[in-house]
Amino acid sequence: MKIERHWGISLLAILAVGPGLMLNSALTPLQGLLQKTLDSSSYPSIIPILTGTIAFALFVPLGPFLHHKWGDKTTYITSACISLLGVLLSLISTKFIVFEAGRVLQGMGAGMALMMMLPMLVLSFPISRRNLALLILIGGFYGSSMIGVCFGTLVSHTGHWKEIFYVAVACSILAILLGYTLLSNEGTRHAKEKAHFDWMGFVWAGIFALLTAFTVLSLQKWGGSSLYVWIGLGGSVLSFLFLFITEYSITKPLLSFRLILHKKPLLAILVVITGYIAMTLSLVSLQGILKTVKALPNKEMVIVYLCLIVGVAVAAILSCLLYDKLGPGILGMIGALLIIGVNLTWMYAGNHEPYAFFAISFFVLILGVGFTIASGLMGAALGGPLPDLVPRMATVQFLRMIAYAAIPVISSYILNRFSEHHLTNGSSQDVSEQSVEKSQLLAYHDLFFSSFSASLVLLCFSFLMALTGKGHKLAHKPHHQLNEEHKENSNEEVVQPPQPPPLYTKDVVIPDHDYRKALQKFKQLKPSQTNDDVFREALKKFKEK
């Protein structure tokens, strides 16, 4: 059975990018297990997550350049091979440095494929069903991250972390085989001769990414009062300013900041990042309370975490159906209200709630975040001229992945600070296990309040984006259908009995029927005849009848 091209491209996109997103989110609950397995106690546990995400972000803008130079097939298979090599290195590694090299390679491969596959994914769908691309975007990419959270949490209890990497290996091999079968390099051979690459922009982007990673690592290792944190933060800000100035001033930049400095794309970026902040804070709190209070029995734990995947599926379907009708702003507001509802519920809930309460909270939270991701990403993609979609989205994805690398570490630091605050404010003489657990629970509730505050900001950003209008639609009638309908309407008008034209006077108004006929005749003239003099002469003769 032959599958349609758009479903084949959708499968290729998920296989190329999905495993990287899955591993990035799966390694968060596996930090302690990896340190024991790899004997890496002297290294910060966040490094495997951070390096993969940073490499992913840095190579996102490289994808369009390689696609322009090499073509679809070569670029896709190259990125899939790099990802496969990285996953295999991480899988067979017994040393921390080898595992890190694998994470970097895997992030590079997934980043190269992202901005090549996203435009192909959207354009492969028929224009009347292009909203289905949003179903793949949310269900496939966002769903891969949530599957990683589920797998990582479940595997952390079994102690066999390599099972997740076996899944990634299978996906990469399948991506290479299908890419070789379904893709070709035709249509881009004329672009292979000369392709400009912005090396200065790439260098500054790399410096900014490395300094951001250094800042985040210093924050986790030494805390916010460390001098290293402030040095790294200052270096990150300065390098970003140099990157911005460099890319803003050239004609073919690697990162097109000029394209995102408009109302809708800028607000869309803020919606995506703020929504991720709110999700991270709430998810950390929910997982912490579930682990601290409920002791995570296997059967109930599986049911609770399956609600994450169900929430993604519902978010993908509803976003696909509602985006064109509501627009990105309204959809983001609905998502923000759902996150606010979860946070308010838990701010006033007790610590010993039933499992059904956790399951519903996971479902509603992920549903709300799915709406904000659809709102932000599609608002940024369609919030400007469509020919500039690829460079605009490459810049958005770079900034988004840099933020995604830093936000979990900052959330963990905030949680530790809240816990220490409640522990020191309690009985200074009682440092028992019970008092530590109580301080952690209070810290989790503080995180819910922090997530609630971020959700209010998210609601404001979504409201401002709604004021900018709906923007371009994803799915609409093809132009050839509109032209056919226009021809049918004109034929119907010709069949109608002709009415005598009114006598010409100075203030007479030409009827719409006659004016449309005159315009239609004018459009049928040859290009050489369509100048202003001919048009005025045609109108003059028409009025003199």
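This is a predicted model: local features need pLDDT of at least 70, side-chain atom pairs count only at pLDDT 80 or more; totals for chains, interfaces and linings use all residues.

Now show H3 on its own, residues 47-59. How many of its 13 residues are buried? The count is 12, so H3 is mostly covered, going by the cut-off of under 20% relative accessible area. Among them are Ile47, Pro48, Ile49 and Leu50 at one end of the list, and Ala57, Leu58 and Phe59 at the other. While you have H3 up, check its length: at 1.5 Å a residue it should span 18 Å, and its end C-alpha atoms are 18 Å apart, which agrees.

Next, go to the core. The largest nonpolar core has 151 residues, and the members that touch the most others are Tyr76, Met117, Tyr142, Leu308, Phe362 and Phe398. Pick Phe362 and look at what it contacts beyond its neighbours within four places in sequence: Leu283, Leu286, Gln287, Leu290, Val304, Tyr305, Cys307 and Leu308.

Now select helix H14 (residues 355-381) and helix H15 (residues 389-425), which pack at an angle of about 145 degrees with axes 9 Å apart. Show side chains where they meet: Leu377, Ala380 and Ala381 come from H14, while Leu389, Arg392, Met393, Val396, Gln397 and Arg400 come from H15. By class, that contact has six nonpolar, one polar and two charged residues.

Last stop, the aromatics. The whole structure holds 23 aromatic pairs. Phe214 is in helix H9 and Tyr228 in helix H10 (residues 227-248), 14 residues apart. Buried or partly exposed, which is Phe214? Partly exposed, at 35% relative accessibility, and Tyr228 is partly exposed too, with a relative accessible area of 45%.

Then jump to Phe449 and Phe452, a tilted pair at 6.4 Å centre to centre with 35 degrees between the planes. Both lie in helix H16 (residues 433-467), three residues apart, about one turn of the helix. Phe449 is partly exposed at 46% relative accessible area, whereas Phe452 counts as buried at 16%.

To finish, select Phe208, Phe240, Phe244, Tyr248, Phe257 and Phe398, which form one aromatic cluster. You have met Phe398 already, in the largest nonpolar core.

How values were computed. Residues are numbered from 1 along each chain as its sequence is written. Side-chain values use heavy atoms; hydrogens and water are left out. A nonpolar core is a set of buried Ala, Val, Leu, Ile, Met, Phe, Trp, Tyr and Cys residues joined through side-chain atoms within 4.5 Å. Buried means under 20% relative accessible area, exposed over 50%, partly exposed in between (1.4 Å probe, protein chains only). Contact means heavy atoms within 4.5 Å. Axes are lines fitted to C-alpha atoms, for helices over the stretch in contact, and angles run from 0 to 180 degrees between N-to-C directions. Helices (H or I, at least four residues) and strands (E, at least two) are DSSP runs, numbered from the N terminus. Ala, Val, Leu, Ile, Met, Phe, Trp, Tyr, Cys and Pro count as nonpolar, Asp, Glu, Lys and Arg as charged, and the others, Gly among them, as polar. The expected span of a helix is 1.5 Å times one less than its number of residues. Rings of Phe, Tyr and Trp (its six-membered ring) pair if their centres lie within 6.5 Å; planes under 30 degrees apart count as stacked, over 60 as edge-to-face and the rest as tilted.
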